[in-house]
Amino acid sequence: MTILIDQPELIGSRAEDQNLQEQTNELVLDGGFVVPKTMPNDGFVAPEINSFGKTFRDYNAECERQKSVEEFYRLQHINQTYDFVKKMREEYAKLDKAEMSIWECCELLNEVVDESDPDLDEPQIQHLLQSAEAIRKDYPDEDWLHLTALIHDLGKVLTLPKFGGLPQWAVVGDTFPLGCAFDESNVHHKYFKENPDSNNPAYNTKNGIYTEGCGLDNVMISWGHDDYMYLVAKENGTTLPSAGLFIVRYHSFYPLHKEGAYAHLMNEEDKENLKWLQVFNKYDLYSKSKVLVDVEKVKPYYLSLIEKYFPAKLRW
C-alpha cells in the first residue's frame, strides 16, 4: 500500500536556534506531557536544558554522565568497521531472534537505558511515548509519524540476551558511514584514528567506495538499533510511508541531519525524506523529560496505529 504524504511546511531552522518562550499557561497532553499554550509558528518549543540540567547533546560538560558517554564513543569509533557492519547485517537479516508484536517490544524496552545519551536516563518506553505524544499534538493528521516516533528506538532490544546481547557501542549512539572518510563532525572524532578502516586507503577519501548521489540505501552505515528496526519493519511488510522508514533508519545519523555532513551521498528521494526527519528530530531530541507519560491512557490509540500499519506478529 502506498501512502501519499504532504511535505512539512516549515523546515530548515534548527531547534537549537529557535527563540525559546517562557513556559507559562501550561496545558497537559493526553499522555501527561506538559507543553506551553503559546507556541511558535512551527508549533514547537524547545526546552533550554535536559533532564540533567545541562544543554542538549553537550558532550563536553564536566559530569559523570559525560565521562561514560565519551568512553562509549571511544569504543564505538574503534570497533564499528565496514566488515563488522556487513557481518551484523547478514546475521540479523535472518530475523530468527523472536516473534512478537510491536507493543510487546515496546514493553521490553523498559529494561533498556541508553548509555550513549547525555540527556536521558529514563527507561526507553517513556522516551518513545514522550516523542510520539508531542508530535501527535503538533501534527494530529500524520498518524504514521506518531507511530514512527513510537517505534523508532525499538531496535535497542539488541542489548538484551534474547537478541544477541550486543554491547551498547553496537546498538546505540550517533551513526555514520563506513567505507569513506570519517567526517570531523562526528562526535569525539579523535577516536576514529584507532579504527582499522582508517588504515585502508580505499576508505579514506570523501567518496571512498561510493559515488556522489548514490543514495543512502547503498551506503554502509554503522550498525545499531536504527538499521535493525528498519530491517524488521521492512521485512515484515509494514505499510508506513518511505519517510517513516527513512526516519527509523537514519534518526541517529546526526552528522547528516544536524551538521550536513555526507549530504553528497544522498539521492533525490533521500533529500525529500530528510525534510520529515528534520521535523521528527526536534521531538526525538527535545521531548526528553522527567514528566512521565501515562502509558495505559495512551495505549489504545497506539495499538490502533500498530494494527493499521503492521501485522499482529513480527519476526525479529
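Q: How are two packed helices described?
A: Two packed helices are described by the angle between their axes and by the distance that separates those axes. In this predicted model, helix α4, which spans residues 124–138, packs with helix α5, which spans residues 143–151, at an angle of about 165° and with their axes 7 Å apart. Because angles over 145 degrees count as roughly antiparallel, α4 is roughly antiparallel to α5.

Q: In which sense, left-handed or right-handed, does α4 cross α5?
A: The crossing in which α4 passes α5 is right-handed.

Q: Which residues in α4 and α5 meet?
A: From α4 come Leu-128, Leu-129, Ser-131, Ala-132, Ile-135 and Arg-136, and these meet Leu-145, His-146, Ala-149 and Leu-150 in α5.

Q: What is a disulfide, and how many disulfides does the count give here?
A: A disulfide is a covalent bond that joins the sulfur atoms of two cysteines. The count for this model comes to 0 disulfides, where a pair of cysteine sulfur atoms would have to lie within 2.5 Å.

Q: Does Cys-106 count as buried or exposed, and does Cys-180 count as buried or exposed?
A: Cys-106 has 0% relative accessibility and therefore counts as buried, while Cys-180, at 2% relative accessibility, counts as buried as well.

Methods:
Residues numbered from 1 in each chain as written. Predicted model: local features only at pLDDT ≥ 70, side-chain atom pairs only at ≥ 80, totals over all residues. Heavy atoms only, no water. Buried < 20%, exposed > 50% of the residue type's maximum accessible area, 1.4 Å probe, protein only. Axes fitted to C-alpha atoms, helices over the stretch in contact; angles between N-to-C directions. Helix = DSSP H or I, 4+ residues; strand = E, 2+ residues; numbered from the N terminus. Parallel < 35°, antiparallel > 145°, perpendicular 65-115°, else oblique. Left-handed = near helix turned anticlockwise from the far one by under 90°. Contact = heavy atoms within 4.5 Å.
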